[in-house]
Amino acid sequence: LLLEPSRTNSVPNSEYILGYSLSASTTITQNYGISPEGVQNSARIQFSGLGYIAFGVTTYTNEVSSMYVKGTAGEILNFGKGGNVAQGALYTFTGDWQRIVYDVGSTSSTFIISNYSGANATDFEVYGLQHEQGSYPTSYIPTYGVSQTRSGDISTASLNASSTGSFYVSLGKVQDPYFIVLGEEFTANSTRNDIAVAYSPTELRISLNGAIVVSATGTYDTSSLTSVQLGHYNGADQLGEGVKELNMFNAFLTDTELNALTV
């Protein structure tokens, strides 16, 4: 599943190069070729000499810009933030559609496409300009005259967990230094947390990164399991990174099997 956070594309015309600042040597042909969308809505950009296109975007404290480009294989384009046309990064065309990404690093209200500073592209296509707040680009958000915001993605599923069973979850770094499962506590790893749990009404086994860290007997209420909270505890987020994988088993796995899942 591709589950993404809410993001806003602040480029007002992501498919139609309109209203931007152009150099005199720049020619734009709208709806020129077939874009990655499979529709004739890419824009052709031609530079008769040194040329540029500058477009304004919203300034964020953490921002990233991206777009799809297609040009002659081996030719180079300059794309990135602009105080002047020489700023940005160089990208080499492959001959096919490719998404190029500029991680801003510092804020800028202007982005520039040019063939300055080592670039030599003079005839190429662009599609899907996007500028958003974040450290990485999300999937394309089209805009038609004004910025657009995509809501965050949510995935839900109904589970029938048995009173005796096991589950495996792969996590990264977490905010708190420990985990609690059915009242049993164990210390979290600083960077990687692959966890496998075998539970029953009377027994609990937990493996962390290839080793058993909890081996306990007692009385555990597993008769009415209705939810699994991953990285969330009583309304507070605990998880620093995403849930990478989750598997559930209707069987009490052995220590060897638990360790094999988490090693």
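1. Ground rules. The model is predicted, so local features need pLDDT of at least 70 and side-chain atom pairs count only at pLDDT 80 or more, while totals for chains, interfaces and linings use all residues. Residues are numbered from 1 along each chain as its sequence is written, and side-chain values use heavy atoms, with hydrogens and water left out.

2. E15 sits in the loop between β1 (7-9) and β2 (21-22); strands here are DSSP E runs of at least two residues and helices are H or I runs of at least four, numbered from the N terminus. Buried means under 20% relative accessible area, exposed over 50%, and partly exposed in between (1.4 Å probe, protein chains only). A salt bridge needs a side-chain nitrogen of Lys or Arg within 4 Å of a carboxyl oxygen of Asp or Glu.

3. What E15 has instead. Its side chain makes a polar contact with that of Y140, at 3.0 Å. For a polar contact, read a pair of N or O atoms within 3.5 Å; within protein, one must be able to donate a hydrogen and the other to accept it, and residues adjacent in sequence count only if both atoms are side-chain atoms. Beyond four places in sequence, E15 touches residues including E37, Y127, Y140 and Y144, contact being heavy atoms within 4.5 Å.

4. The five-stranded sheet. An open sheet of 5 strands runs β2-β5-β10-β7-β8, with antiparallel pairing; two strands pair if DSSP finds at least two bridges between them. β2 and β8 (89-92) are the edges, each with a single partner strand, so one side of each has no neighbour in the sheet. β8 pairs with β7 (residues 76-81) over 4 bridges, in the antiparallel sense, and Y91 in β8 is the bridge partner of L77.

5. A hairpin worth a look. β14 (residues 178-181) and β15 (residues 184-187) are an antiparallel pair with 4 bridges, and V181 stands opposite E184. The hairpin has 2 residues between the strands, and L182 takes a positive phi near 50°.

6. Salt bridges. How many are there in the whole structure? The search finds 6. One of them joins R192 to D194, with the closest N and O atoms 2.7 Å apart. R192 is partly exposed at 33% relative accessibility, whereas D194 is buried at 8%.

7. R205 meets E203 at 2.7 Å between the closest N and O atoms, and D255 at 3.6 Å, N to O. The D255–R205 pair links distant parts of the chain, 50 residues apart: D255 is in helix α1 (residues 255-262) and R205 in strand β17 (residues 203-208). R205 is buried at 15%, while E203 is partly exposed at 24% and D255 is partly exposed at 32%.

8. D123. This residue is in strand β11 (residues 123-133) and is partly exposed, at 29%. D123 and I45 are 78 residues apart in sequence but 5.8 Å apart in space, C-alpha to C-alpha. Leaving aside neighbours within four places, D123 is in contact with R44, I45, Q46 and G71; a polar contact of 2.6 Å joins the side chains of D123 and R44.
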